[in-house]
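Student: Could you take me through the salt bridges here, slowly and closely? I would like to see which residues pair up and where they sit.

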Amino acid sequence: MSRIPVVLAGARGHGRWHVANIRRLERAGLVRLAGICELTPLTEQEAGGEIPAQSADFGALLDSTGARIAVICTPIPTHTDLALTAARRGVHLLLEKPPAPSYAEFRRMADGVAEAGVACQVGFQSMGSHAVPAIRELVASGAVGEVTGIGGAGAWVRDEAYFRRAPWSGRRRLDGADVIDGALTNPLAHAVATALALGGSTRAEDVVGIETELSHANDIEADDTSCVRITTARGHRVTVAATLCAERADEPYVLLHGSSGRITFWYKQDRVLLQRGGHGPEEYHHDRTDLLENLVAHLTTGAALLVPPDETGAFMRVVEAIRLAPDPDRLPDAAWHHVPGERRRVVPGIDGLVAAAADTLSLYSELGAPWAPRTEHPLNEVSTR
């Protein structure tokens, strides 16, 4: 089998991971890094080997290299236009999450890709974990009884430089365009998408209502300490709490609540803990299928795509609710402090609040966070049109 030519758009920042992954699959004989699209050309060291064709013109690079796959890891507002540039040329896609900064842009991308007849994989790597179908099987077997709700928790540490890494970092809008680079929509987006997936609510029509609480301790527009509660058509409550101002970094996880047990999934580690009445705790470790490798298999053997666009529609409903929400509240100075010598801001007690939100499916305000708004949070009904 000849190796599939791949072009990568966005090879710095998180794109460095994609360079390494493409090179890994290159060594396995599956793909060939045919081109890199960057404003400033990469060095041989940055390219991880022999430098392929490089250009700042994405369309021209796709044409000159004969690429069959494009990996897009560029600023969020550019995703839709770049995806459609590739789709119009018949080039298949691995598109980083979040796939778009608004639901309208998501639909423009997804509809355009479908019309072009190309495959598109959205980069929610946690969906490649074999733990996801394994948990679904546990639930279907009745291991934890009836599902009563799903929680998600992400307590991460990011210094102030993180929010200066690019002009769009920590922004809700830039030059009139939506960005929506908040904790729940970008760095901890996997917690939201994975929680929805475990509850079988991945498509846009699976979401009927969304409540949000958005705030920030850092000097940014977007949220860095947030929670969201989603009501699904199945009747589940899905509550995800996130912060980039944790006292100490922890592994993010999703917690599925059942009437007779619970399942905890640390999605970056592919680790699952099953706890249920009448049994001791059972822990499992699972393998993972790489999403680019799955896309290659889809093109060569007809394997099913793991994360096609429509399976991220529910997540994009959450992005849209956050986009339309009032701008995040700036936390009062008394609610956070600097960590000496680390140039980062911490919200005292937030680690416990994040865990409690996942455990009780409550919002920060309902947990008594002193800085959380005291007003009611009416359910924002979500249109499925």
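Tutor: Let's begin with a group: Arg107, Asp111, Arg203, Glu205, Asp310 and Glu311 are joined in a network of salt bridges. A salt bridge here is a side-chain nitrogen of Lys or Arg within 4 Å of a carboxyl oxygen of Asp or Glu. The background is simple: side chains of opposite charge can pair when their charged atoms come close.

Before going on, a word about what you are looking at. This is a predicted model, in which local features need pLDDT of at least 70 and side-chain atom pairs count only at pLDDT 80 or more, while totals for chains, interfaces and linings use all residues. Residues are numbered from 1 along each chain as its sequence is written, and side-chain values use heavy atoms, with hydrogens and water left out.

Now zoom in on one pair from that network. Arginine 203 forms a salt bridge with glutamate 311, and their closest N and O atoms are 3.1 Å apart. This pair links distant parts of the chain, 108 residues apart: arginine 203 is in the loop between α7 and β10 (207–216), and glutamate 311 is in the loop between α8 (291–301) and α9 (313–324). The helices (H or I, at least four residues) and strands (E, at least two) are DSSP runs, numbered from the N terminus. Arginine 203 is partly exposed, at 31% relative accessible area, and glutamate 311 is also partly exposed, at 31%. For these words, buried means under 20% relative accessible area, exposed means over 50%, and partly exposed is in between (1.4 Å probe, protein chains only).

Next, find arginine 165, which forms a salt bridge with aspartate 181, the closest N and O atoms being 3.9 Å apart. Arginine 165 lies in the loop between β7 (147–155) and β8 (173–174), and aspartate 181 in the loop between β9 (177–178) and α7 (189–198), so the pair ties together parts 16 residues apart in sequence. Arginine 165 is partly exposed, with a relative accessible area of 38%, whereas aspartate 181 is buried, at 5%.

Arginine 12 forms a salt bridge with glutamate 46, with 3.0 Å between the closest N and O atoms. Because arginine 12 sits in the loop between β1 (4–9) and α1, and glutamate 46 in helix α2 (residues 44–47), this pair ties together parts that are 34 residues apart in sequence. Arginine 12 is partly exposed at 28%, and glutamate 46 is partly exposed at 34%.

Stepping back, a search of the whole structure finds 29 salt bridges.
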